[in-house]
Amino acid sequence: MTRDELKKRRIGVLMGGGSAEREISLRTGNAVLVALANAGYNVVGIDANVDLPVQLINEQIEIAFIALHGRGGEDGSVQGLLQVMQIPYSGSGILASALALDKVVTKELLLFHDIPTPKFDLYRHGEDPDEVVRRCQSFPVIVKPAREGSTIGVTIAYDPEKLRKGVQDAIEYDDLILIEEFISGRETTVSVLNGSALPIIEIVPTSGFYDYESKYTAGQTAYLLPADLPPKLYHDMQIMAQKVCTVVGCRGAARVDFMLRGDEMFCLEVNTIPGMTATSLLPKAANAAGIDFTELVQIILEGASLR
Ligand SMILES: Nc1ncnc2c1ncn2[C@@H]1O[C@H](COP(=O)(O)OP(=O)(O)O)[C@@H](O)[C@H]1O
Ligand SMILES: [Mg+2]
């Protein structure tokens, strides 16, 4: 749909919802809402709670811009609802969304396609935590819920006791826990817009760990843009990010997170609804490619469709 056609439609920016990343989603959603309103679109913000279908009907929404993060929004469920209601929506479809939100399934798919990702073990709710501690051969490891974001429930464990505690913390968020080899090295993220990689950002958190606070507090993290990597590595990483998006089946905007050990790349995960807050990475990367925030939002909106 062209921008002029889109301006004649009623657009809903779906935000908030009930996930642990609700606050971040509200920030993303409000930034998108303001940008679209200022650009002349007929747009309304919708808090995606249990009454979402009723709100979509009452507000006569014709196109949905999904600004939800985490479960119940980034995971294919809202995409499925919109599909059933025949309301075109931005970003990835049901399968890619569900798949990417699950870090374990993502990693299994990456391995199938020979895309490197850190080695891992799994802990399932109800299992004996001693077993996973016993299996762990070397430290540190990173413990994270399979289906969470914003570094919520993530621990770096340097010893068996910390691992046990990390599993206990993470199980509050999900019943499947990933225990991953810790990659000590540089961290990067590659935004991909409609299949093409944008400039790479290197992330340097002051605290040494890119946790929730480092992600969303201004000044807590340095962002090197473009990342100062050898040209071949830079190019290879962009190609790998595009390949990740292809195999997962992402549409619109996505962001692929990497760790580097020397020049060895490890893909951590893919985000199908990257944050678009003031400190977010996708808008920074787009900006470095000459795409300002309003333009970025419109490019994503133009891709809205039924799958
Ligand atoms: N295997 C790993 N080795 C080193 N650091 C990691 C590893 N996995 C995650 N991290 C760190 O934890 C952060 C969050 O992990 P990530 O897998 O991207 O989950 P999410 O962003 O969904 O919370 C990363 O940005 C990175 O700083
Ligand atoms: Mg991440």
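This is a predicted model: local features need pLDDT of at least 70, side-chain atom pairs count only at pLDDT 80 or more; totals for chains, interfaces and linings use all residues.
A search of the whole structure finds one cavity of 30 Å³ or more, and the space in the largest cavity comes to about 120 Å³. There are 13 residues in its lining, and those closest to its centre are Ile66, Gly91, Thr272, Ile273 and Ile300. Sorted by class, the lining of this cavity holds seven nonpolar residues, six polar residues and no charged ones.

Rolling a probe the size of a water molecule over the atoms shows where empty space is left.

## The division into domains

The protein chain is divided into domain 1 (3-91), domain 2 (99-116 + 184-295) and domain 3 (120-181). Between the C-alpha centres of domain 2 and domain 3 there is a distance of 23 Å, and the contact takes 15 residues from domain 2 and 17 residues from domain 3.

## Two helices that pack against H12

Two packed helices are described by the angle between their axes and the distance between the axes. For helix H11 (residues 281-288) and helix H12 (residues 293-302), the axes come within 9 Å and cross at roughly 105°, and H11 and H12 are therefore roughly perpendicular to each other. The contact brings Leu282, Pro283 and Ala286 of H11 against Phe293, Leu296 and Ile300 of H12, and by class it has six nonpolar residues, with no polar and no charged ones. Ile300 of H12, which takes part in this contact, is also one of the residues closest to the centre of the largest cavity.

Helix H2 (residues 22-38) also packs with H12, at an angle of about 95° and with the axes 9 Å apart, so H2 and H12 are again roughly perpendicular to each other. Here Ala31, Val32, Ala35 and Leu36 in H2 meet Phe293, Thr294, Val297, Gln298 and Leu301 in H12, a contact made up of seven nonpolar, two polar and no charged residues.

The lining of the second largest pocket divides into eight nonpolar, two polar and five charged residues.

## Details of the backbone

Most residues other than glycine have a negative phi, and most peptide bonds are trans. Against that background, the bond that joins Phe139 and Pro140 is a cis peptide bond, with omega about -5°, and Pro140 is found in the loop between helix H7 (129-135) and strand S5 (141-145). The peptide bond from Leu225 to Pro226 is cis as well, with omega near 0°, and Pro226 has its place in the loop between strand S11 (221-224) and helix H10 (231-248).

Gln60 is a residue other than glycine with a positive phi, near 55°. Gln60 is part of the loop between helix H3 (52-58) and strand S3 (63-66).

Note on methods: Residues are numbered from 1 along each chain as its sequence is written. Chains are lettered from A and ligands numbered from 1 in the order in which they are written. Side-chain values use heavy atoms; hydrogens and water are left out. Axes are lines fitted to C-alpha atoms, for helices over the stretch in contact, and angles run from 0 to 180 degrees between N-to-C directions. Helices (H or I, at least four residues) and strands (E, at least two) are DSSP runs, numbered from the N terminus. Angles under 35 degrees count as roughly parallel, over 145 as roughly antiparallel, 65 to 115 as roughly perpendicular and the rest as oblique. Contact means heavy atoms within 4.5 Å. Ala, Val, Leu, Ile, Met, Phe, Trp, Tyr, Cys and Pro count as nonpolar, Asp, Glu, Lys and Arg as charged, and the others, Gly among them, as polar. On a 1 Å grid over the protein atoms alone, a cavity is a set of points where a 1.4 Å probe fits but cannot get out, and a pocket is an open set with protein on both sides within 12 Å along at least five of seven lines; lining residues have an atom within 4 Å of a point. Grid points are joined across faces, edges and corners, and a volume is the space filled by probe spheres set on the points. Domain bounds come from an automatic or database domain assignment.
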